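This briefing goes through selected helix contacts, strand pairings and backbone details of one structure.

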Amino acid sequence: MDTPNRRYVEFDLPATPSCTSAIGQAWARVPEPLPAGERAACVARIRELLARERAVLVAHYYVDAELQELAEETGGCVGDSLEMARFGRDHEARTLVVAGVRFMGETAKILSPDKRILMPDLDATCSLDLGCPAADFAAWCDAHPDRTVVVYANTSAEVKARADWVVTSSIALDVIADLHARGEKILWAPDRHLGDYVQRQTGADMLLWQGSCLVHDEFKGTELELLRAEHPQAKVLAHPESPAAVLAQADVVGSTTQLIEAARKFDAGLLIVATDQGILHKMRAAAPGKTFLAAPTAGNSASCKSCAHCPWMAMNALSNLAETLEHGRNEIRLDPALGLRAKAPIDRMLDFADRRKRRVQASGDLARDTALYASVGPA
Ligand code: SF4
């Protein structure tokens, strides 16, 4: 049963060599919001602590709007997981505070092994990460030695270390299309919806791990049809972790950064958004005057696991951010050898993105260059 600051959540646990598919159970410790009178003092204290620790705050689009604003106001960044890691890697600060979920902190550590990486709560996890245990994943890879292993960024360092490629939602299509053109067969993990989308778009030979994001998995195609019928002028923006029935109705399918850009550019005043509702803070800022509707989930019925907001992203708050900085708690630690192995497939993706960018720049095709630049990025 949920308690005031502990939420129990269920998610699909895919079939693995060691277990048939099941419902996984996890929890999220969501801090109580600070009373209004204490918020300003807490924000001021965090500013002081960031300066004292010479730290920079990097936040994901799905965390609380106050944290996003604080990151930007203090010279940090708000972005998707890869933008966060790249920003942290290239920033001069020796301490990065990552407001997001654990795999994001790990990715920051993989790319910046010499920096101190802190997080408001190290137990903030992800159903994709939980649904892809490293030992089961390794056994699956061992059973298919003829396939190139491509994993999504939402995985543990151990799973990344077993992969040939790490990809983000925006570059997955291009990487898989390139591998397919070379005649390579793919093992894909862990998100089944993104994998299915990429497979349909590229025609590649892919075997899919059956994990899912508990937020996006909840969006419903039939209810979306009904909502569109009510608002025929609305455009639909969907993240590719959503089910195929939702993606089939989307005007734009893209990563978080791409969806924010689409919200800004679209010539429509009403937008239906199928991704975590934390993104609306940035979308509203990018497209003032437009109206955003959340894509329908199972609503308030018993089967709604997330109601379109990630319970683990909600574990990041002003209070535990201040505590983390005050006491230097919650540091991400990673075996350096594991970090090096996990870095190789990430570097392969970054090199691919850079090569592609240079090719397009050399062609002088600015329209394509712009499109490309928008699509190089994140999960
Ligand atoms: S929104 Fe989904 S993919 Fe993102 S951290 Fe939460 S569970 Fe994982």
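**Helices α3 and α4**

The crossing of α3 and α4 is right-handed. The model is a predicted one. Helix α3 spans residues 81–90, and its axis lies 9 Å from that of α4 at an angle of about 35 degrees.

- On the α3 side the contact is formed by S81, M84, A85, G88 and R89, and on the α4 side by M104, T107, A108 and L111.
- By residue class, this contact of α3 with α4 has five nonpolar, three polar and one charged.
- Helix α3 is mostly covered, with seven of its ten residues buried.
- The buried residues of α3 are S81, L82, E83, M84, A85, R86 and G88.
- These buried residues of α3 pack against strands β3 (55–60), β4 (77–79) and β5 (95–99), and against helices α4 and α12 (256–265).
- Helix α4 (residues 102–111) is also mostly covered: ten of its ten residues are buried.
- The buried residues of α4 include the charged R102, E106 and K109, and also F103 and I110.

**Helices α8 and α9**

- Helix α8 covers residues 172–181 and helix α9 covers residues 192–202; their axes come within 10 Å and cross at roughly 50 degrees.
- Because of that angle, α8 is oblique to α9.
- The crossing of α8 with α9 is right-handed.
- A172, L173, I176, A177 and H180 of α8 face L194, V198, Q201 and T202 of α9 in this contact.
- The contact of α8 with α9 comprises six nonpolar residues, three polar residues and no charged ones.
- An α-helix has 3.6 residues a turn, so residues three or four places apart point the same way.

**The sheet β8-β7-β9-β10**

- Four strands form an open sheet in the order β8-β7-β9-β10, and their pairing is parallel.
- Strands β8 (165–167) and β10 (206–208) are at the edges with a single partner strand each, so one side of each has no neighbour in the sheet.
- From one strand to the next, the twist averages 25 degrees.
- Three bridges link strand β9 (residues 186–189) to β10 in the parallel sense.
- W188 has L208 in β10 as its bridge partner.
- Helix α9 lies across β7 (148–152), β9 and β10, and runs at about 165 degrees to β10.

- A153 is located in the loop between β7 and α7 (157–161).
- A153 counts as buried because 23 C-beta neighbours lie inside 10 Å.
- A153 and A189 are separated by 36 residues in sequence, and their C-alpha atoms are 9.6 Å apart.
- The peptide bond from A189 to P190 is cis, with omega near -5 degrees.
- P190 belongs to the loop between β9 and α9.

**Strand β13 and its partners**

- Strand β13 (residues 270–274) is mostly covered, and four of its five residues are buried.
- Strand β11 (residues 235–238) runs parallel to β13 and is joined to β13 by four bridges.
- L237 has V273 in β13 as its bridge partner.
- β13 also pairs in the parallel sense with strand β14 (residues 291–294), over four bridges.
- L270 stands opposite T291 in β14.

**Positive phi values**

- Most residues other than glycine have a negative phi, and most peptide bonds are trans.
- R54 is not a glycine but has a positive phi, near 50 degrees.
- R54 sits in the loop between α1 (36–52) and β3.
- R54 is exposed because it has 10 other C-beta atoms within 10 Å, and the cut-off for exposed is 12 or fewer.
- N330 is likewise not a glycine, and its phi is positive at about 60 degrees.
- N330 lies in the loop between α14 (318–327) and α15 (336–363).
- N330 counts as buried because it has 21 C-beta neighbours inside 10 Å, where the cut-off for buried is 20 or more.

Conventions. Residues numbered from 1 in each chain as written. Predicted model: local features only at pLDDT ≥ 70, side-chain atom pairs only at ≥ 80, totals over all residues. Axes fitted to C-alpha atoms, helices over the stretch in contact; angles between N-to-C directions. Helix = DSSP H or I, 4+ residues; strand = E, 2+ residues; numbered from the N terminus. Parallel < 35°, antiparallel > 145°, perpendicular 65-115°, else oblique. Left-handed = near helix turned anticlockwise from the far one by under 90°. Contact = placed C-beta atoms within 7 Å. Pairing = 2+ DSSP bridges.
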